[in-house]
Amino acid sequence: MRVSLVQLNSTIGDFKGNADRMLVIVNRILATFSASGKPDLIVFPEQSLCGYPPMDLLDQESFLFGSIAALRRLQKLLPADIAVGVGYVDKNRERAGKSLVNTYSVLYNGRVIFTQAKTLLPTYDVFDEARYFEPARARQVFAQDCGRVGFAICEDFWWEAPDASQKYTIDPVKELMDAGADVLIVPSASPFIAGKLTTRLDLAEKAVRSGSIPVLYCNAVGANDSLVFDGRSFAMAGDASIRGVCGWGEEVLTYDTKTGVASRLVLDNPSGVPETPEGDVDPHVNRYDEIRRAIIVGIQDYLRKSGFSRVCLGLSGGIDSALVAVLAAQALGPQNVTCIAMPSRFSSPGSLDDAVELCRRNTLRLERIPIEVPFTAFLNALAVPFAGRPYDTTEENLQARIRGTLLMAWSNKFNALLLTTGNKSEVATGYCTLYGDMNGSLAPIADLYKTEVYGLAAYLNQTAAAQGGEEPIPEAIMSKAPSAELRHNQKDQDTLPDYAVLDGILRLYIEENRTMDEIVEAGFDRATVRRTLEMTAKAEYKRRQGAPAIKVSKRAFGVGRRLPLARAIHEVRIAP
């Protein structure tokens, strides 16, 4: 059996556009192979017709109608004599329960010849599928002349992940193998987190070892809001050897189950001409390179799917804004990035010099808008009501809010989407200003701890140097002590614990759900842990109003971590 796995970058709700892209890709695949060597089955990812995740768009009847109409369009327009598998949203036509099902169907010669609904509906992390869908009652094998295919739709394959947050009583993979599947195909919309490809490969190997059949994993690509879909679809043979791995873009991986031979077809080349590269993507990649790619894809697709082509950001001369500027330039081209320096009476001359040097190295446009005049005007306006009160965070935040207003004005005037530059350590502890430096439409590095910001910046510099180029981020930015520069001689560590300590505590608390006592037992000072947890809990109202963060970790702020705003901070209380 020859199977082509297609990595598709679907746009949520663009039913006609997604279907049309499928038609183009199917015809390109058929044009690539001879009549005798064409695939028996072409596979697209989970919910590829409607885009994933549609969230509460699923409550709109018109969304359901659009999904079904797109399926009917494919039925009529797909080439004859080729079976094509597509994921979409359908009505629940079998029994009482939720009105929708997450469905996968195979189309052939204008007919729907096989349908399998998804069984396991995740409700952890960013997933909330049980809110909308009714689970499948049964699992069936798709039988054709060339073999028997078991479709395990995303979570139906992930059920046995060792660190799964949700446990299930049904094992779809076992049932499909019991039913005589010759090959297991996994249509998936699996969001990226660092290291996730290794987890997918480990799960596939476990399935192969238990069933002695190939596993073909077909994943989505692109980004929708905070979620990045990294593709990297793969074919694993019945002996658990990896026969082919795709990259991050729209690609096709064709695998022959008889010969064990796989070939790649890259569709989204800059030339616009599909290419067949030699060799496969190395599944064992550098963690920071994974993160870099994810953030770049996240920026690119957020703009494209939101109707923007340019971005702007505030450039302070610090490491966070420098990293965002470099990543934005790599994602969009430097000609589409405007950096804005907004010095104040507290800004050091070195900060502006560092910003200028960063823009020179990366050929970025730099605008200078000093804030002394508006800051003085605000201070004068508040002089009477604030009389006799000392300078404090009120005046510090005032500067941040002036900068946020100027950045939004630039964004409005020039139709450039504003990127916010805060990192996860700052966002966690509330070391950021609402309506100030938190202003923006997308937060590219808000799921990176400060120590990871330095790690990614160092990786970018090392990569550039290894290729004989100039390091994109100056050493002066890498080595200076972090500072918001909102008062004289201010340093981040005046307010926060050392970042190495802070990030260690935050990882255990946010991503591992460890208690205060468990974090202390891991080697951290109790008073520091308590203070960190209190700051994090108290800042929830800020995060609720912040820009979406591109998810790269196990648990990012946003839809994957939903907490109440008004609550007791029980984590730091002593049990009675």
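Leaving out residues up to four places away in sequence, N415 touches F308, R310 and W410, where contact denotes heavy atoms within 4.5 Å. The structure is a predicted model, in which local features need pLDDT of at least 70 and side-chain atom pairs count only at pLDDT 80 or more, whereas totals for chains, interfaces and linings use all residues. Residues are numbered from 1 along each chain as its sequence is written, and side-chain values use heavy atoms, with hydrogens and water left out.

N415 lies in the loop between α10 (393-414) and β19 (417-418); helices (H or I, at least four residues) and strands (E, at least two) are DSSP runs numbered from the N terminus. With a relative accessible area of 44%, N415 is partly exposed; buried means under 20% relative accessible area, exposed over 50%, and partly exposed in between, for a 1.4 Å probe and protein chains only. Along the chain N415 and M236 are 179 residues apart, and their C-alpha atoms are separated by 46 Å.

Helix packing was examined next. Two packed helices are described by the angle between their axes and the distance between the axes. Axes are lines fitted to C-alpha atoms, for helices over the stretch in contact, and angles run from 0 to 180 degrees between N-to-C directions. Helix α1 (residues 15-32) packs with helix α2 (residues 61-77) at an angle of about 25°, the axes being 9 Å apart. The two helices α1 and α2 are therefore roughly parallel; angles under 35 degrees count as roughly parallel, over 145 as roughly antiparallel, 65 to 115 as roughly perpendicular and the rest as oblique. On the α1 side, F15, K16, A19, D20, M22 and L23 take part, meeting F63, G66, S67, A70, R73, L74 and L77 of α2. By class, this contact of α1 with α2 comprises eight nonpolar, two polar and three charged residues; Ala, Val, Leu, Ile, Met, Phe, Trp, Tyr, Cys and Pro count as nonpolar, Asp, Glu, Lys and Arg as charged, and the others, Gly among them, as polar. A cis peptide bond, with omega of about 0°, joins Y52 and P53, and P53 is located in the loop between β2 (41-43) and α2.

An open sheet is formed by six strands in the order β6-β7-β8-β9-β12-β13, with mixed pairing; two strands pair if DSSP finds at least two bridges between them. Its edge strands, β6 (141-144) and β13 (242-245), each pair on one side only. On average, neighbouring strands of this sheet are turned by 15° against each other, direction ignored. Helix α5 (residues 196-211) packs on the sheet and touches β9 (215-219), β12 (234-236) and β13. The direction of α5 makes about 30° with that of β12.

Within the sheet, strands β7 (residues 147-151) and β8 (residues 183-188) run parallel and are joined by three bridges. Residue V149 stands opposite V183 in β8. Strands β8 and β9 also pair in the parallel sense, over five bridges, and V215 in β9 is the bridge partner of L184. Strand β9 is mostly covered, five of its five residues being buried. From β9, V215, Y217 and N219 point one way and L216 and C218 the other way.

Neighbours within four places in sequence aside, D492 is in contact with E426, Y431, K450, P482, S483, A484 and Y499. D492 and R562 are 70 residues apart in sequence, with a C-alpha to C-alpha distance of 27 Å.

Helix α12 (residues 450-466) packs with α14 at an angle of about 115°, with axes 8 Å apart. Helix α12 is therefore roughly perpendicular to α14. Residues K450, T451 and E452 of α12 make this contact with Y499, A500, D503 and R507 of α14, and the residues divide into two nonpolar, one polar and four charged.

Y435, which is not a glycine, has a phi of about 65°. Y435 is found in the loop between α11 (424-429) and α12 and, at 46% relative accessibility, counts as partly exposed. For N513, also a residue other than glycine, phi is near 55°; N513 is placed in the loop between α14 and α15 (516-521).
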